[in-house]
Amino acid sequence: MSHARHLPQPIAPPRTLLLAPPRPGRRTIRPLDQPERAAERWLAADSRAPEKMTKPERTRDDADATEPEREAKKKRNSLGEELEVDTPLYDRAAHQLRCGPYDQDASSSVTEANGARVEEMTKEEEEEEDLSSFTPKSPIRKPYIPDELSDPTVYPEIHAAFEDAQAKYIEKLCRRTALFTSKYRRKEARSCLFNHEHLHPIREAAKRAVLHAAKSVIRLSSSVEGEPLTNCCGLWIDWDRESKTGTILTTAHLIRSKHPVEDHWIGRDEYDIKANVTVHLRDGTTAEGHYLYHQEHYDLAFFKVRVDEQVQFPYFNGNVHCGQDVFRLGRDQSMDLRITHGRVEYWNPASVERYHYMYFLHEQDDYLCDDDGGPVIDLEGKVVGLINNHLSASFVPSSILEKCVGLWTKFGCIPRLHLGMRFDSMRLLDPINVEKMWRMHNIEDGLIVEEVSKDSHAEKRGICFGDIIECFNGKRISTTIELENMLLVRCKDHFDQGNKLNAKINVSIQVFHPEERLRRTINLNVEVSDHGEIITKGTYPITSTEETSATVQSSQNVAGK
């Protein structure tokens with residue numbers, strides 16, 4: 001059985017009458033509508049056109065008219081005087097034939113129509129002027145030597161002229177092939193949307209999404225005292241019409257001057273807010289970026305830049321799920337767009353990573369540029385996250401991004417509650433482990449405490465490694481993303497009430513201690529800060545055998561409270 005599609009037959013184009021050239025010896029009859037003669041007639045008519053309308057003189061027939069006829073004619077003439085003086089006579093006559101005598105509305109409509117015609121003629125004249133100022137380039141023709149002139153010893157001048165013409169041809173050809181429209185240049189950049197056959201089902205939707213979202217993606221570079229620091233990408237999030245100033249959201253890696261260890265919870269990274277930041281605009285120009293603010297915990301930074309033309313902002317989508325088709329967008333050093341296809345993954349982070357990330361799963365052979373700070377978009381072109389680390393493929397989801405941007409816009413900072421703990425999500429564990437916890441402790445949801453900061457209030461209240469946090473402020477929390485969103489909402493309420501940074505607030509948590517099989521609700525007194533949270537390792541020095549036994553007994557007493 002044939003599966004060929006039955007397409008509708010194309011409509012045949014209209015037949016064109018081809019005129020053969022006249023034979024020798026025959027007289028050619030020129031048609032009446034030759035362009036030259038038509039132009040001459042038009043110019044002659046235009047030269048005879050009156051420059052100004054005048055009142056018609058009184059004729060002999062006016063004296064013979066009756067009194068009512070003279071009054072009616074006088075009224076018509078008075079109405080005619082109210083017209084613009086540049087209204088053509090044929091317009092008035094045509095209007096009277098169609099609509100009767102003129103009134104005020106008709107007069108204004110005729111004037112507007114004439115204005116539109118004048119404007120149209122002006123545009124045509126401008127286009128003609130542009131065409132007259134354009135000098136057409138000579139066609140690209142490849143030179144050659146006819147066979148009968150191929151002997152260079154007999155025709156040396158012709159071969160010398162051929163060499164000159166060949167050099168000019170190659171020069172012109174190279175100049176044209178260097179254009180970005182040339183197929184030779186187009187072959188240099190091949191994205192996953194061009195090469196990957198498995199993306200055929202979503203290719204068209206993905207193209208539209210990528211081209212829409214790419215309008216808000218820019219590239220940034222930084223340096224300190226002339227030494228290059230790093231390259232990143234960013235997003236336009238605001239533009240002020242009066243000051244012609246745009247605001248950029250990017251990663252704080254742009255100004256990170258020192259990153260001695262991979263563990264983010266130690267807090268040894270350093271940032272240089274006086275670093276020189278260059279914003280690479282879409283038209284190939286650059287502008288100086290001015291530092292506004294950065295937040296170390298979420299690795300976000302804001303810069304402003306002077307830009308005359310209005311920029312395009314992205315749309316955010318906070319609903320992202322595992323397995324979803326997404327694309328990473330970035331720009332290389334030539335400002336060319338870089339596109340990487342992948343799927344969203346969500347797992348518990350490594351012990352050295354923050355726990356507010358999701359991850360981008362991609363093909364191993366895909367080219368990755370330095371797209372830290374670039375967007376992760378869905379098939380509608382909406383931003384679902386911001387790349388944090390292009391090597392680990394971690395990104396900050398938009399549910400957190402939107403709250404961070406809103407807090408900075410309203411309060412000038414991004415506050416966060418420092419709980420003094422690091423967590424893993426039970427939901428992201430292997431189902432075998434989740435089923436075992438349910439079978440042994442009747443618990444299948446919550447956050448498992450992986451580490452408690454030394455001397456934190458959580459440690460003082462007896463929370464230890466391995467405990468399970470089931471609720472925060474009476475609300476069940478299943479993932480660390482949910483936890484971060486809850487902490488940001490709590491900080492917004494804190495600032496809405498007129499409070500400031502570095503204050504202490506209470507958070508109610510429900511804890512399950514698996515060793516004691518005990519569930520209790522406690523209040524934690526935590527700090528509001530916009531710095532990166534530091535988890536201090538629980539260590540102590542051994543100086544005598546008595547201190548060892550005393551420390552063990554003290555920890556047992558705290559856990560039993």
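Helix 10 and helix 13 are roughly parallel to each other, where roughly parallel is the word for angles under 35 degrees. The model is a predicted one, in which local features need pLDDT of at least 70 and side-chain atom pairs count only at pLDDT 80 or more, while totals for chains, interfaces and linings use all residues. Residues are numbered from 1 along each chain as its sequence is written, and side-chain values use heavy atoms, with hydrogens and water left out.

Q: At what angle do helix 10 and helix 13 pack?
A: Two packed helices are described by the angle between their axes and the distance between the axes. Axes are lines fitted to C-alpha atoms, for helices over the stretch in contact, and angles run from 0 to 180 degrees between N-to-C directions. For helix 10 (residues 398-411) and helix 13 (residues 480-496), the axes are 10 Å apart and the packing angle is about 15°.

Q: How many charged residues does the contact of helix 10 with helix 13 have?
A: Contact means heavy atoms within 4.5 Å, and among the residues of helix 10 that meet helix 13 are Lys403, Leu407 and Phe411, while helix 13 brings, among others, Glu484, Leu488 and Phe495. Asp, Glu, Lys and Arg count as charged, Ala, Val, Leu, Ile, Met, Phe, Trp, Tyr, Cys and Pro as nonpolar, and the others, Gly among them, as polar. By these classes the contact has eight nonpolar residues, two polar ones and, as charged residues, five.

Q: In what order do the six strands close into a barrel?
A: Helices (H or I, at least four residues) and strands (E, at least two) are DSSP runs numbered from the N terminus, and two strands pair if DSSP finds at least two bridges between them. Strand 2 (residues 227-240) and strand 3 (residues 245-251), for example, run antiparallel and are joined by six bridges. The pairing in the barrel is antiparallel, and the order of its six strands is 1-2-3-8-7-6.

Q: Is His280 buried or exposed?
A: His280 lies in strand 6 (residues 276-280), and leaving aside its neighbours within four places in sequence, its contacts include Ile218, Leu220 and Met335. Leu220 is 60 residues away from His280 in sequence, yet the two are 5.8 Å apart in space, C-alpha to C-alpha. Buried means under 20% relative accessible area, exposed over 50% and partly exposed in between (1.4 Å probe, protein chains only). The relative accessible area of His280 is 15%, so His280 is buried.

How values were computed. Parallel < 35°, antiparallel > 145°, perpendicular 65-115°, else oblique.
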